[in-house]
Amino acid sequence: MSDQTMQAIRVYQYGNEEVLQLESIPVPVPKDNEVLIRVHYAGIVPVDYKIRNGWMHARFPQTFPYIPGTIMSGVIDTVGSAVSEFKAGDRVFGSVKGAYAEYAIAEPKELVHMPDRLSLKEAATIRGGADTAWKALFSEGELGAGQTVLIHAAAGGVGHFAVQLAKWRGATVIGTASTGNIDYIQSLGADQVIDYTTTAFECVVHDVDLVVDAVGGTTEDRSWSVIKQGGKLVALTQLPSKEKAKEFNVTATFNTKFPTHANLEQLAQLLADGTIKTEINTVYSLADVKQAHKQCEGKRGRGRILLELFTIK
């Protein structure tokens, strides 16, 4: 550790948002094969509060105290002696160890260079948002032009990207959303938007090639019947039922394939040139992280939630 200090969120035990503690701690020092990043924006995603609550201890065990978060955008501060892909001053996005801090450590393979026209705020929404949509649609769903996809929670942090990417690929897009988000989803290019508060989607949707389900529970249960024989369901919140998949002759997957580095670069370029757009719901300061987690855990709202740590003036 260095003599320089930084502001960071640390967690000393599993629990609700009250376990998120703002502290001043030493800035970490990168190893020879690592880089130190000055974090500008950290993305808040559901897995963050699930880890914090202890719900994912078996999969992501934590050593206390830990700094939450992995998704960020920022500027490289220092590079290790063995790093040749990046240099100090490079703007990057990707995954780090402990994103809820002013500085964080990353391995070069986890980072992506940013196009000049892409803002740091936009870049912070790619991991855990745009890349998850890409995974669901293309890596897992193998969606192609001329096919039809049903996207649940189409206004959410993943869903709003999925609508745009599916249209970009040439698919017919059906989305489910609450009443207040109908016009928004239509503005993204969806061919049909279903208000789930007034209409049961299974009564009006039939024979889709792919369902992207970011809701789970009864929404998944009701989705099987709308998929054509041989179609696909990609679940983003829970392991899909093998029994139901067999019953309806559907391929159901959950976290088996992921976007490549080249896919991430392409997503960054699509954002930079305006082909797709990000929706940012709320940007919180590090001191307001508890409120940010409460909003994320509420599972309502449009677009992504970010923490702002540094801004370029």
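Contact is defined as heavy atoms within 4.5 Å. Helices (H or I, at least four residues) and strands (E, at least two) are DSSP runs numbered from the N terminus. The model is predicted, so that local features require pLDDT of at least 70 and side-chain atom pairs count only at pLDDT 80 or more, while totals for chains, interfaces and linings use all residues. Residues are numbered from 1 along each chain as its sequence is written, and side-chain values use heavy atoms, with hydrogens and water left out.

Helix α4 (159–169) is largely enclosed by the rest of the structure, because eight of its 11 residues are buried (under 20% relative accessible area, with a 1.4 Å probe and protein chains only; exposed is over 50% and partly exposed in between). The buried residues are Gly-159, His-160, Phe-161, Ala-162, Val-163, Gln-164, Leu-165 and Ala-166. These buried residues of α4 pack against the helices α3 (126–140), α5 (182–187) and α8 (261–272) and the strands β8, β9 (172–177) and β15 (304–308). Gly-170, which follows α4, has a positive phi near 100°.

Most residues other than glycine have a negative phi, and most peptide bonds are trans. Ala-153 has a positive phi, near 55°, and lies in the loop between β8 (148–151) and α4; with a relative accessibility of 30%, Ala-153 is partly exposed. Asp-207 also has a positive phi, of about 55°. Asp-207 is placed in the loop between β10 (192–195) and β11 (208–213) and is exposed, at 53% relative accessible area. The peptide bond from Phe-64 to Pro-65 is cis, with omega near -10°, and Pro-65 is located in the loop between α1 (46–53) and β4 (71–79).
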